[in-house]
Amino acid sequence: MTTARIVGTSVPRMEGRDKVTGRARYVDDMVLPGMLYGATVRSRVPRGKIKQITFGPGIDWTEFVIVSPRDIPGKNCIALIEDDQPCLADGVVNHSEEPLLLLAHPDRHLLAKAVEAVSVEYEPLPAIFSMQESEKLCQVIWGADNIFKSYLIEKGDVDAVWENADYIVEGEYTTGAQEQLYIENNGMIAAFDPLQGLTVWGSLQCPYYVHKALVKLCNLPENRVRVVQVETGGAFGGKEEYPSMIAGHAALLAMKSRKPVKIIYDRMEDMAATTKRHPSRTRHRTAVRKDGKILGGEIEFTIDGGAYETLSPVVLSRGAIHAGGPYYWPSVRIRAKAVATNTPPHGAFRGFGAPQSLFALERHMDRIAEAVGISPVEIRRRNFLRPGETTTTGQSVQEEIDLGRLLDRALEVSDYHEKKKKFATENPPGHSKKGIGIAAFLHGAGFTGSGERYLGSVVGLEGCADGSVRILVSSTEFGQGTNTVLCQIAAEALELRYEDVGIAQPDTQEVPNSGPTVASRTIMVVGKLLQSAALGIRQTLTASGKLGSSYSPEEFRDACRAHVAEHGTLRSLARYQQPKEIFWDEEKYRGSAYAAFAWAVYVAEVTVDLTTYSVSVDDFVAFQEVGKVLHPVLANGQIIGGIAQGIGFALYEKVIWQHGRMQNGQMTNYIMPTSADLPAIRVFFEELGNVHGAFGAKGIGELPMDGPAPAIINAIEDAVHVRFNSIPLLPEDIFDALAKPGVPEIASSSARGQI
Amino acid sequence: MSASSQDPAKCEIAFTVNGQLATVRVHAMERLLDVLRHELGLTGTKEGCGEGECGSCSVLMDGLLVNSCLIPVLQASGANIVTIEGLASDGRLGVLQQAFLDCGGAQCGICTPGMILAAVHLLNKKPRPTLEDIREGLSGNLCRCTGYMQIIEAVAEAGRRGAAT
Amino acid sequence: MRAHPSEYEIVSPHTLSAVLSLLAQEPGVWLPIAGGTDVMVQYAAGKLAARKLVSIWNLPELRRIELSADEIQIGAGCTYTDLSEHEIVNREFTLLSRAARWTGGIANQNRGTIGGNIVNASPAADSLPALLVYEAELLLISARGERRVPYTSFHINYRETQIAPDELIRAICLKRRFPEYYAHARKVAARNAQAIAKVCLAALGRFADGFVEDIRLAVGSVAPVPLRLTATERAVNGKRIDPQLLQLARTTAASEVRPIDDIRSSARYRVAVAGNLVAEYLQQLSASEMKT
């Protein structure tokens, strides 16, 4: 056995060559013969009854395929958790940009004009746009009380902690909507043949989610619906559930016209109509002892789900479970709810509720520190979870994580103490102020609680006729490295070379359902199943006498070839079994929420320019414990990319709403950082391993989203001594705070400079 | 070659793409981006925003980096266009493309063609760019996946390896 | 793309006189398009009112820079890259070359033109405050002839200029008399590159023996047109630079600008930052050694 180690090295990206030569084929690069182009007529009011639809002059409507709710063969819904979201609004609209009708035509350029020529008369209904209006039931727009879902997490006896508290610290923190802003807009092609059935190709994360939705919408048998993921230009959660909607639209047009139909959104449509990160509001009330130890607290976590339920219960769940962060809470009560407003439904975006609740918590920790008169470093150190202690859901920390050490390393590398002192004494009056801030956090990998068991993911590995090995999963590549790392895992497990392994295109006709590519689960959960499947292949070959217990890659190749020649196939499937130690009570919302947590401490250094009130992030240090790093370059890329999005979340990316519609839906006025805006981001990994993950890996895709915003806002507070509790924090907000008298400033004396 | 002002029909426009003469019969106000992608099948150049902000549609026109979504094809008449497809010759990767692979400069890949062309343009002007030069040179190309660092490293590395176009 | 290319006509005559004839034949019908970095955005959004376009891209008569002893004539068809790479523009008109480097990214700088920037007349345009402080003159040309117009009176109102329907800007003339001046420009925007200005300042000044000898201040994005802060200049000119003057300058500037709330920023922010930028300039001026 002479194969060099593959896992742990930075092998070439599997599909990298195609990407750097322009040969990678994304959905808009595909053309099918006779293809039509599709477009969507959308609501211009946030809530109302549809009174009349008129097809205006100047368009030859006979040339168009027109699909209305009446054309839907199955159920008019986009099946997800509930079936409340219509595929096409029928009679009533509940948000701006809600789809009403679909049009298709061979001339792509004619569609925009045709969409404009459809006029819709509404009887407007009063609409609500904020969580507050929704809670107050100014209008009831969903269910009986506007509440999509609520959770209650309780631990210990919260009501008893207030009496013995030396300090009671309260705070309210809010986060705004954030657009995923994948550079490739949503797109889908559908084709229908009465015998073959329906096929869709698209930019998507979860082929089987789309499959399930199409089966219900189009009333087709499961084996007559085929979903194929093509090269996807960024997703970040924005293509987790939304593709089911656009796939449904393309499918309906294809079924009616019997021609292939391509729908590609332009940027304005994609921004205005598709999902964004859930806006949130978190209220903390915490009982603290004079030495800084948290005795207990109440956390109220509310998110705005938009007009339909979609994935809000799951976002809520993750946000609620993460609301206590990496700290030991002897008792806590977390009340979480997701409420409805008349805005386009909010959805999955990297972090999925955790960036929201962790922003609040990590801001709140600094507030607690200030109230108690202890440093932000010490307040965290004293409250960190230790091995054997339990989380807010009562999950015992099983691994030897030393968060204090992680913190110390981060502080050392970022030169935190020196800088904090230096900034405090050197911040001159006027011009600019520097500050440094910390965030400590965790991120659970995989689906929550019994989610993985419910998913029952299946992973396949097959030996091919030429002796190579091919991975069969529905897990998708969209930049994060799925293809590469899964191939590394299979090659390592089979003791082959990286080049001996390939991976099938995610095509529901070809691959089993390994679950959605979300929740930072792919390498950890799917990768681990792949290891099992590899073992299965090996066992089959050795059992048949074709392979010894140790072998060279060439010998494997020969054995595989021979086996396939003899038996026709060589295939191994592995199905997820939940480890017995992971027990979760869905009703009480207690137990082991996640199979593994990654842990992190981030440090941000900022300058606040008092001439322009803008903030620049000058240095960023990211320390995380992630199990095992399977591919250093890809892992670094994930962390840096996530931090860049987190910086955007904190300082740049504001969705401007008017009557429930995004007003700044263009790249010129929805601001994401350019290469000129980001500092060098310094990334460090600690590796403890993980028994539940492939080769010890934990999930890392979402982790980096949780830390940057609170670290930065903490740093800004350090710089200018103003308490900001809301993001995105724009220069205009900083100006308003500094200009107003009676601003919520901190009482601390020694560090206060002149503003 | 221009369209008659009496008859806004299609007209013939010729230019060079990746060293080859291309003649297309299109409306003169078609965007160069669409002509490259649909008429010539060169789908390596992408549309990310349609407003010249993201740089995914970047090509070289007469040696200059431009956003092809903002160019009416009539203005490309007689020009020398280079797209991403024109960079790799005989199936071998250029130095810059290899550096992108080695440093993790491409994740989802959608910004990559434009980003590579922007880097080519930069390296042509500044063969050994500083980090600041690279940041500025790529500031018109948006990447949502990488946070730019590994792209910047790739360009710096390509400079060190003597990338020449 | 929300426009149908078949509904638009674009022609590209080879000479300036051919373009001018066309504009004279049907004034107001043909929209000149140079680099297209503004026009094509409107077109793709389905918001371009004009249906006929005449390309003036790369016309040699428009894309040259001519020097005489006392004046530089910058062709209106010069791109931002042309400006930022020109030795004399960099040396003697640094505010303009700096603005050129701030406008969009490299790709847009390679196509956008100074003439287009002026005629598009966005009050947020990066180059326009520089032209105001350099007291540019515009050479406007038509089939009827040529006229010279002081730039300070060119903008009448929001996106409304003195240019006649049959006219083009041929060149921008700048007098070469600012070598002794301390030049400073600053753009405040949502990010460090590829961003429309929330506020931008271009400033020229001369400072000697503690006193302001001459000062020109122009600000973008604080009024319907790019604005020369004449009242602030009067308040500051000839005075000693001290903390009281900085405060006076700040408050005078704040009262002189009249920004609005819009999708990018708030009026009150713009007022405050405009004042801060002016004060910052004066501080720098007093610390300068009369360098440009």
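A: Helices (H or I, at least four residues) and strands (E, at least two) are DSSP runs, numbered from the N terminus. Keep in mind that this is a predicted model, where local features need pLDDT of at least 70, side-chain atom pairs count only at pLDDT 80 or more, and totals for chains, interfaces and linings use all residues. Residues are numbered from 1 along each chain as its sequence is written, while chains are lettered from A and ligands numbered from 1 in the order in which they are written.

Now the sheet. It's an open one of 4 strands in chain C, running β11-β12-β13-β14 with antiparallel pairing. β11 (182-189) and β14 (227-228) of chain C sit at the edges with a single partner strand each, so one side of each has no neighbour in the sheet. The partner of β11(C) is β12(C), residues 197-208, and the two pair in the antiparallel sense over 8 bridges. Along that pairing, Arg186(C) stands opposite Leu201(C) of β12(C).

Then come the helices. α5 of chain C, residues 94-102, packs on the sheet and touches β11 and β12 of chain C; being in contact means that C-beta atoms, placed from the backbone, lie within 7 Å. The direction of α5(C) makes about 20° with that of β11(C). Axes here are lines fitted to C-alpha atoms, for helices over the stretch in contact, and angles run from 0 to 180 degrees between N-to-C directions. Helix α11 of chain C (residues 267-287) lies across β11, β12 and β13 (211-220) of chain C, at about 25° to β12(C).

Methods. Two strands pair if DSSP finds at least two bridges between them. Two residues are in contact if their C-beta atoms, placed from the backbone, lie within 7 Å.
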